[in-house]
Amino acid sequence: MSEEAVAAVAAVSARKEWAIDMRLRECHNFHDFRRLARRRLPRPIFDYIDGAADDEVTHRRNTASFERCDLVPNVLRGVETADLSVTVLGQKLALPVYCSPTALQRLFHHEGERAVAAAAARHGTMFGVSSLGTVSLEELRKAHDTPQVYQFYFHKDRGLNRAMLQRAKGAGVEVMMLTVDSITGGNRERDLRTGFSIPFRLTLAGMLQFAIKPMWGINYLTQAGFKLPQLEEHVDMSGGALSIGRYFTEMLDPSMNWTDVASMVQEWNGQFCLKGIMSVIDAKRATEIGCTGVVVSNHGGRQLDGSRASFDQLAEIVDAVGDRIDVLMDGGIQRGSHVLKALSVGAKAVGLGRYYLYPLAAAGRPGVERALDLIRAEIERDMKLMGCTSIAHLSRDNLRFR
Ligand SMILES: Cc1cc2nc3c(=O)[nH]c(=O)nc-3n(C[C@H](O)[C@H](O)[C@H](O)COP(=O)(O)O)c2cc1C
């Protein structure tokens, strides 16, 4: 390349970085990132992230439930420093939050999972790779030292399940997380309206939405192609083999039961967590079959609408099994104070979903890093304002429910 060409490329990339930097300076919280993501993404993709099932009641309640809980601070406790680290599922994390596994990140930003994993690693926390992830679990495992979760869907083909467990073990995945609330797909009406599916089957309205965001299209076509490396042989983006919709209906096993999961737990023989536990009876069952953790979660309101908010259900589950296994939760987290409330009730760590997806869509890795910087600062500030110097000091004594 000539010197002029190198200088031109450097100028373009400097301008790009400057633009990202300027964009990020406008972002101080979840809502700012959400607004920016909405501006950047074609509507069908934004709605895939933002939307939830049916009337989206559970999705709204997930965050609203934190507002029915008040913090009662203590003062004069000497809080020069605060230790935010936790140990959960055998992993030491520098932060009490982790990036929950989410699908299709390449669609939101070309850096996809690479950006999220790098940002999580910079903050010393755990990152979840989805079965429907767009970067291979092996690549991500090699790239960073921080613990990795692999999110698993249970297939009819038991040989495939076994092969996937072995693949994750071989890659050095620390935590296996089986999603149990997605036995069938949720009714996401925003996606039906736009025709969002993989491969795309856009409605006319959906196509128009892509046409008015040409930058997303240019970026999508000029960067590395879309792949589903965890399922490469089973799902085909070109529409030839299997769409994601058909993957859920044809390959996943709705007859999955406790006996199946018990043998998976034995086979994994390590940290094994069920994601999507909402009832006490199920949490107890998870303990009995040897799980080391459960995530109290309703999938961000994307599956069963009308399901109780995860935060509302957390105390019952902590009281029932919290002395035997690690109870985690996710759903609706937008602020450090939400994290503090969940930890005070007894969660060992808290999962973030849309909280990091909007920043990813808005600005790639620097976006996710900034979002994690912000939540870290909020948790630390709020701990000090609560009079706590370590997560272990948080307790229900400092909460009041309306
Ligand atoms: C766009 C999107 C994709 C998701 N994909 C998956 C997935 O592949 N597997 C899974 O177990 N959960 C998935 N989830 C659920 C998240 O792991 C998490 O439970 C949820 O986002 C938490 O709610 P919040 O977004 O309100 O924080 C997804 C969530 C979103 C928003």
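Mentor: Here is a walk around helix α2. This is a predicted model: local features need pLDDT of at least 70, side-chain atom pairs count only at pLDDT 80 or more, and totals for chains, interfaces and linings use all residues. Residues are numbered from 1 along each chain as its sequence is written, and side-chain values use heavy atoms, with hydrogens and water left out.

Helix α2 spans residues 30-40. Helices are DSSP runs (H or I, at least four residues), numbered from the N terminus. Start with the buried side. Phe30, Asp32, Phe33, Leu36 and Ala37 are the buried residues of α2. Buried means under 20% relative accessible area, exposed over 50%, partly exposed in between (1.4 Å probe, protein chains only). These residues lie on the same side of α2 because they cover an arc of only 160° around the axis. The arc is taken from the directions from the helix axis to the C-beta atoms.

Now turn to the opposite face. Exposed Arg35 and Arg39 sit on the face turned away from the buried side.

Next, the N-terminal end. Asn29 caps it: a side-chain oxygen of Asn29 lies 2.9 Å from the backbone nitrogen of His31.

Finish with Arg39. Its side chain meets that of Glu26 in a salt bridge (3.5 Å, N to O). A salt bridge is a side-chain nitrogen of Lys or Arg within 4 Å of a carboxyl oxygen of Asp or Glu. The pair links distant parts of the chain, 13 residues apart: Arg39 is in α2, Glu26 in the loop between α1 (3-25) and α2. Arg39 counts as exposed at 54% relative accessibility, while Glu26 is partly exposed at 43%.

Technical notes:
Helices (H or I, at least four residues) and strands (E, at least two) are DSSP runs, numbered from the N terminus. A polar contact is a pair of N or O atoms within 3.5 Å; within protein, one must be able to donate a hydrogen and the other to accept it, and residues adjacent in sequence count only if both atoms are side-chain atoms.
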